[in-house]
Amino acid sequence: MSISYEELTPGYEFPSASYELTPSLISKYLKAVDSSSGEFVPPLAIAAYAMTAMAESLSLPPGSIHASQELEFCKLVPIGVIVSCQAKVARKLTRGKMHMLMLELNVFDQNNEKVQSGKATVMLPA
């Protein structure tokens, strides 16, 4: 079930999402970015899949732009680990015809240790 921008309020928490960082999932990411990896998941792969998981719960209109992001990587994550992602609305702004949504994102491993945290800003057409 998706929620629209209009329905969001600061503090809204998206449903938590968990997924396994399988070798095949990481292989797809590495192929897409033309890279290789060892025994650990590239930190940006975790961020990309976390944003994808959050986006499944959010209905954005055409023309929306992922404008910026800040990421903090807390620890290396071995391939095969199950992570859970939590996201919430930090701010929601409307300035004339511009809408901005600022999101906070945290990712934890299967031992409930934080592996990443971050913020993302999405700009939406009015």
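**Cavity lining, cysteines and sheet in a predicted model**

By class, the lining of the largest cavity comprises eight nonpolar residues, one polar residue and no charged residues, where Ala, Val, Leu, Ile, Met, Phe, Trp, Tyr, Cys and Pro count as nonpolar, Asp, Glu, Lys and Arg as charged, and the others, Gly among them, as polar. The model is predicted, so that local features need pLDDT of at least 70 and side-chain atom pairs count only at pLDDT 80 or more, whereas totals for chains, interfaces and linings use all residues. Residues are numbered from 1 along each chain as its sequence is written, and side-chain values use heavy atoms, with hydrogens and water left out.

A search of the whole structure finds one cavity of 30 Å³ or more, a cavity being a set of points on a 1 Å grid over the protein atoms alone where a 1.4 Å probe fits but cannot get out, with lining residues having an atom within 4 Å of a point. The volume of the largest cavity is about 40 Å³, taken as the space filled by probe spheres set on the points, which are joined across faces, edges and corners. Its lining consists of Phe14, Pro15, Ala17, Ala53, Met54, Cys85, Gln86, Ala87 and Leu105. Helix H2 (43-55) and strand E5 (82-95) are the elements that give two or more residues to this lining, helices (H or I, at least four residues) and strands (E, at least two) being DSSP runs numbered from the N terminus. The largest share, three residues, comes from E5.

With a disulfide defined as a pair of cysteine sulfur atoms within 2.5 Å, the count comes to zero. Cys74 is in no disulfide, the nearest cysteine sulfur, that of Cys85, being 13 Å away; for the sulfur of Cys85, the closest cysteine sulfur is likewise that of Cys74, at 13 Å, too far for a bond. Cys74 is partly exposed, with a relative accessible area of 38%, whereas Cys85 counts as buried at 4% relative accessibility (buried means under 20% relative accessible area, exposed over 50%, and partly exposed in between, with a 1.4 Å probe and protein chains only).

Five strands form an open sheet in the order E2-E5-E6-E7-E4, with antiparallel pairing, two strands being paired if DSSP finds at least two bridges between them. Strand E2 (17-20) and strand E4 (65-73) stand at the edges, each with a single partner strand, so one side of each is left without a neighbour in the sheet. E4 is joined by eight bridges to strand E7 (residues 114-125), the two running antiparallel, and His66 has Val122 as its bridge partner in E7.

Technical notes. 1 Å grid on protein atoms, 1.4 Å probe; cavity = no way out; pocket = protein on both sides within 12 Å on 5 of 7 lines; lining within 4 Å.
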